[in-house]
Amino acid sequence: MCSLKMFSSFRCATTSVQRIPKSLRLYPSAATVFYGRNCTTISCSALIHPDDGVESAISVASSVLGKTLSFESKQALVQKLTDNWYTSAKDIADMSEEESISLGFPLRLKSTIEKALVVDEEGSSSHPDGIKASETLVVKDVVQDVTPQVEDVQDATLEERVCPRFNRFGFHTNAIPKVVPTRSRITKYSISKKELTPQLKEEFDRLIRFGTERFYGAQSEPIAMVTAEKYTDHLRGFLGYLANVDKVPLEELSLQALVPSSGRQGVIPAFNYTQWLIKERNIAVRTELLVLRSVLFVAKFVYHDQSQIVPGSGDKSYSDLDVVKELRALINSRRKASKVAPRVADEKTKWMDWNEYLFLVQELRKETGALKVDSRGNTVRREDKDIAWSLQKYLIFAILSCIPDRQRTIRELKIGATLFKEEGDRYVIRHGPADYKTGRAYGERAPLYISTTINPELEAYINTYRSALQPNHEYLFTQANGQPLTDKSLYKLFWTTSFRISGKRLTPHMVRDVVITHLRGTDASERELEALAIYMGHSVSVQKSTYDRRSQQEKVQPAVNLLASITGTKDPQEP
């Protein structure tokens, strides 16, 4: 028995090698290689020497397999190998299967080169499975005949594709860098929905109806359900602070405890809470803004009956309540601060450029393959549920690559409601005013087109594999437990997947920043950037102030170059 050289994480596959005695040789001019039930007879004139170049080895192996590679396909394989320092037939034979998969080099072609590799007459082998040109070798059960054909590697279908190892890039969860280096270990303080008292549950139900439904005397338009739920998350954190830090008994808590009066003093608990968050949790100014907006939401609810503002009179809603005016003043102050405040998180742990993101998407597409190499080195079919989970991850990242929208768009995709298939087999996302964050300002949205290159995986997921995840809802994507995706579950799925491949904790919303930062650093015209802003559902000013992550040096570099060109000085180096 002798072993095939495999990647260290795989158990070595064994092959049965039979050297036929000279006295029994019937076909001394050939070597016979068995692939499962298939048998290939290799002419000794076609055997490969360890020092043969990669192009020669590929040509011989292709001939043995009865495949004719186009010149372009052969040159593409040769280029990939030489670019990665594989220059001889021996280099290919010594390459692990993992390395072969990562390079897109067909395993069947690699295995054929291994088996046809010549050894010297003394019997020392350049590869464990090498053979002498003067002998015949029978190799049994080397590899199952399921690997995509050489000429189909670039366009292999999902059913033909071999899924690479998930930990191939070496990024492990036990080595995840801290996003906020100065933050100590987080201890729970928020109250979960299950911990709410019956009184608080009833109050929260009324609060959500107050914010999301129309009613007589309402002073403002309803907000989206997703926004109301985000506010309640922050409010449960505020209640948890009162219960666990200020030690107020849970049964004594109510929403009014968050804003105990309609006067200016009613803002004090919220102010103290945000200061605690800044000191103990090192929150960003943007998080502080969300907390204050949540408290403003509850202040309007609690003191609605005290306000005498007439809707449509021109006065700002609830502007006759001192606690509301004080909260708005705080919000405006923190909003201005947020424009110049440094980011709390270490951006190096999360940020990637556009090309890195596209690489991430391409690697996830490889993982949608229906086949895998098992621990014995055999190529076998994956479980439908595993394929479905890989497809879902790829599709989420791929859709955001062509529609860099907010994560709510991904969570709420539903066929026939927001996702449609048009003539010409093109999928499109359509949003009414209530379907996206800035819908009240921009109205019905322009169609968001999904690239047709995603169609094979999207249709395979919709028509074949989604059901394997056993979702209990009609949304396109789902959690592993069958429940709809939440903002937190999608956030975790996204950054953990990103980290596993890139070592970066990219978040769904950051894709918008990545796209805009990339495009604003190119020659894109202002007209194109304005169109992009409309397409992405925000203003040009927000595009510049919020999503453009270029440094000041990068932003002013074109001006520096322009001045240098008109003064005749040497162009400065690009940063």
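Author: Let's start with helix 15: the cover over its buried residues includes helix 11, strand 10, helix 12 and strand 12. The model is a predicted one, where local features need pLDDT of at least 70 and side-chain atom pairs count only at pLDDT 80 or more, while totals for chains, interfaces and linings use all residues. Numbering runs from 1 along each chain as its sequence is written, and side-chain values use heavy atoms, leaving out hydrogens and water.

Reader: Which residues of helix 15 are buried?

Author: In helix 15 (residues 455-465), they are Asn-455, Glu-457, Leu-458, Ala-460, Tyr-461 and Tyr-465. Buried means under 20% relative accessible area, exposed means over 50%, and partly exposed lies in between (1.4 Å probe, protein chains only). Across the 575 residues of the chain, 46% count as buried.

Reader: Where do helix 11 and helix 12 meet?

Author: Trp-354, Tyr-357, Leu-360, Val-361, Leu-364 and Arg-365 in helix 11 meet Lys-393, Tyr-394, Phe-397, Ala-398, Leu-400 and Ser-401 in helix 12. That contact splits into 9 nonpolar, 1 polar and 2 charged residues. Ala, Val, Leu, Ile, Met, Phe, Trp, Tyr, Cys and Pro count as nonpolar, Asp, Glu, Lys and Arg as charged, and the others, Gly among them, as polar. Helix 11 (residues 354-366) and helix 12 (residues 384-402) pack at about 150°, axes 9 Å apart. The axes are lines fitted to C-alpha atoms, for helices over the stretch in contact, and the angles run from 0 to 180 degrees between N-to-C directions.

Reader: How do you know that strand 9 and strand 10 pair?

Author: Two strands pair if DSSP finds at least two bridges between them. Strand 9 (residues 371-373) has 3 bridges to strand 10, and the two run antiparallel, so the pair passes the cut-off. Leu-371 stands opposite Arg-381 in strand 10. These strands sit in an open sheet of 3, ordered 8-9-10, with mixed pairing. Strand 8 (162-163) and strand 10 (379-381) are its edges, each pairing on one side only.

Reader: What about the sheet in the order 11-12-13?

Author: This open sheet has 3 strands and antiparallel pairing. Strand 11 and strand 12 (residues 426-429) share 4 bridges, and Phe-420 has Val-428 in strand 12 as its bridge partner.

Reader: What makes the phi of Lys-247 worth a look?

Author: Most residues other than glycine have a negative phi. Lys-247 has a positive one, near 60°, and its place is the loop between helix 7 (225-244) and helix 8 (268-281). With a relative accessible area of 61%, Lys-247 is over the line and therefore exposed. Tyr-318 also has a positive phi, about 60°, and isn't a glycine. At 1% relative accessibility, though, Tyr-318 counts as buried.

Reader: How many disulfides does the structure hold?

Author: The count is 0; a disulfide here is a pair of cysteine sulfur atoms within 2.5 Å. Cys-163, at 6% relative accessible area, is buried, while Cys-402, at 23%, falls in the in-between class and is therefore partly exposed.

Note on methods. Contact = heavy atoms within 4.5 Å.
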